[in-house]
Amino acid sequence: MQTKRQKIKDSYLLYSFRRDKVAIVSATILALFLFAALFAPMLAPYDPYDVTSIDIMDAEIPPSWMEGGESRFFLGTDIMGRDLLSTMLYGLRISVAIGIGAVFLQAFIGIAIGLASGYLGGRVDAVLMRIADVQLSFSTLMVAIIVSAIVQVAFGVGRYEQIAVPLLIVIIGIAEWPQYARTVRASVLGEKNKEYVEAARVIGLDSKRIMFSHILPNTLSPVLVISTVQVANAVMSEAALSFLGLGMPVSMPSIGSLINAGFEYIFSGAWWITFFPAMLLIVFILVINLLGDWLRDVLNPKLYKG
Amino acid sequence: MFAFIVRRIIQATVVMLVIGFIGFSVKHQLGDPVRDLVGISVSVEEREALREQLGLNDSFFEQYGRFVSNAVRGDLGYSYFFKKPALDVILSKAPATIELVFVSSMLILLLSVPMGLYSAIYPKRFFSRLAMGVSIVGVSIPVFLTAIVLIYVFAVQLHWLPSYGRGDTVNILGWESGLFTIDGLRHLVLPSIALSSIMLPLFIRLIRAEMMEVLETEYIKYAWAKGLTRKRVWLVHAFKNTLLPVITVGGVQLGILIAFTILTETVFQWQGMGFMFLEAVERSDTALLVAYLVVVGALFVVVNTVVDIVYGLVNPTVTIASR
């Protein structure tokens with residue numbers, strides 16, 4: 001019964017996907033980006049981390065189709081003489097890794113807290129949700145900026161940059177868990193009093209089992225919907241932190257730190273160092289948001305009508 | 001209702017104590033006031049004596065208690081870079097940020113209300129579709145990129161508007177204001193557009209969604225049946241009821257705007273609190289960092305508490321629930 005229902009749902013998902021041009025285009029671009037991020041070392045013409053291959057004399061060469069451009073650097077070079085295309089590919093890889101890592105962490109913390117809060121109820125629920133409310137009222141970006149600033153002052157810039165990737169995952173993960181906790185709690189409250197949960201309780205299963213293998217699977221579709229938007233948010237937060245100099249260092253740039261590095265050179269006319277990474281970031285976030293919108297419409301027919 | 005207000009204020013106080021606790025632990029772990037005060041030539045014994053005198057050998061909670069009681073009296077520590085009390089530094093930077101936030105919120109308000117209403121009333125028209133399409137693109141563009149594009153187009157290429165700083169300011173009762181000089185206003189244009197760009201799409205969508213919902217309700221149908229003019233139904237009957245959620249969300253978003261001022265101020269070298277905060281991070285000015293944390297924390301808490309209470313006053317269902 002369960003699998004059959006799932007199948008129908010899946011085919012409906014597929015059906016509406018085929019009919020929606022925006023979704024198809026977005027998904028294709030997203031897949032392309034993810035592919036590029038995953039295989040960056042193979043696709044990139046140069047290795048931007050290999051210091052020996054970088055020549056500072058190559059710095060600020062414009063894109064190949066412009067005057068002064070060279071064919072070996074298709075999109076030109078950045079301030080350190082690295083091939084911009086290769087650096088962007090590696091940067092996308094880092095941004096995607098941080099975005100997805102942070103979302104996994106958020107989802108893990110948020111689902112655990114949301115489940116506990118919704119299922120146990122009472123005082124546990126009141127305390128946990130108060131904490132979530134308070135943290136949400138502070139704007140996730142603000143929390144992320146302040147936490148990363150404190151960590152950077154505590155560790156010093158040098159140490160911070162060495163462990164920047166896991167740190168950013170933890171910082172963004174901690175900043176945004178309340179979103180998940182609230183969503184999961186809301187659907188747990190909806191599921192908790194249904195007959196199948198009661199049946200499970202009557203046959204004597206323990207609450208851990210009921211929570212994780214009975215209720216949890218039924219709360220996952222809203223989790224899926226917010227996950228897409230959360231990935232976009234996490235990538236955007238990471239870019240903002242890096243832009244402020246609180247994220248990835250220029251020696252191992254993410255998209256945000258590339259934009260930051262290029263920004264100082266925009267006044268001298270080297271617009272491409274900022275422009276191409278910026279376009280990459282915008283398109284990446286836009287397609288995720290469009291897919292998220294589509295997914296929300298499909299999985300939540302109540303909203304679809306409105 | 002009274003119990004509700006009291007409860008909200010108690011909660012706000014607890015949150016402030018927690019923020020103070022975080023701020024104090026950061027200060028306790030990172031800053032060494034003795035090292036900040038004395039040079040290298042001071043002996044170990046003298047340092048010890050100074051530590052004792054400053055109360056740094058007391059227990060953690062004694063020191064925390066002192067931190068809180070000082071903070072309540074407005075003493076948030078001393079910035080060793082500016083050689084001034086940290087709160088004074090922040091207050092001297094606050095007008096710049098407040099003016100930026102004020103002008104941006106005005107922009108958001110004046111643009112989002114008519115656009116949101118229009119696209120709710122005529123959802124099929126070209127302009128409405130355009131507004132919706134642009135708003136999803138707008139949500140996807142980080143605020144610092146909007147800022148960079150604005151600088152590149154209007155400052156670097158066209159030379160129409162200045163790209164950084166506040167320009168001329170006038171001192172009005174101790175408030176350094178850029179709102180009353182032409183130069184100051186010209187400097188405000190790009191930063192405030194950049195800052196409002198992040199919230200504008202959200203508000204247009206929110207107002208549109210609320211308005212569309214209200215237009216479907218029974219009492220609007222009744223208003224049509226009464227034969228009221230279109231203007232009266234839309235602007236008096238319907239719009240009034242879309243305002244409630246907009247006010248709540250608006251209050252919370254006002255707090256979030258403050259987070260985005262850090263980004264905007266960095267791009268435009270705007271001498272406000274956010275710019276100061278990042279400089280403090282670079283200089284490891286712990287006292288200033290902690291003071292900023294406490295001040296911004298207080299700002300968020302006050303805004304949220306006021307919004308909650310106002311909402312409670314306006315919306316009767318909240319009052320019933322809290323009894």
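A salt bridge, as I use the term today, is a side-chain nitrogen of Lys or Arg within 4 Å of a carboxyl oxygen of Asp or Glu, and a search of the whole structure finds five of them over all chains. What we have here is a predicted model, in which local features need pLDDT of at least 70 and side-chain atom pairs count only at pLDDT 80 or more, while totals for chains, interfaces and linings use all residues. Side-chain values use heavy atoms, without hydrogens or water, residues are numbered from 1 along each chain as its sequence is written, and chains are lettered from A, with ligands numbered from 1, in the order in which they are written.

One of the salt bridges joins the side chains of A:D125 and A:R185, at 2.6 Å from N to O. This pair links distant parts of the chain, 60 residues apart, with A:D125 in helix α5 and A:R185 in helix α7 (residues 164–192) of chain A; helices here are DSSP runs of H or I with at least four residues, numbered from the N terminus. Helix α5 (residues 122–137) of chain A also holds A:L128, which, leaving aside neighbours within four places in sequence, is in contact (heavy atoms within 4.5 Å) with A:I113 and A:S117.

Let me turn to the interface, where 39 residues of chain B are in contact with 34 residues of chain A. The area buried between the two chains, meaning the accessible area (1.4 Å probe) lost on putting them together and summed over both, is about 3,300 Å², of which carbon and sulfur atoms give 84%. B:S140, B:F144 and B:I148 supply 15% of the area that chain B buries against chain A, more than any other three residues. How many salt bridges run between chain B and chain A? The count is zero.

Finally, within chain B, helix α10 (residues 230–268) and helix α11 (residues 273–282) pack at an angle of about 80 degrees with their axes 7 Å apart, where axes are lines fitted to C-alpha atoms over the stretch in contact and angles run from 0 to 180 degrees between N-to-C directions. The two helices, α10(B) and α11(B), are therefore roughly perpendicular to each other, a label that covers 65 to 115 degrees. On the α10(B) side the contact is made by B:I262, B:E265 and B:T266, and on the α11(B) side by B:M273, B:G274, B:F275, B:F277 and B:L278.

Notes. Angles under 35 degrees count as roughly parallel, over 145 as roughly antiparallel, 65 to 115 as roughly perpendicular and the rest as oblique.
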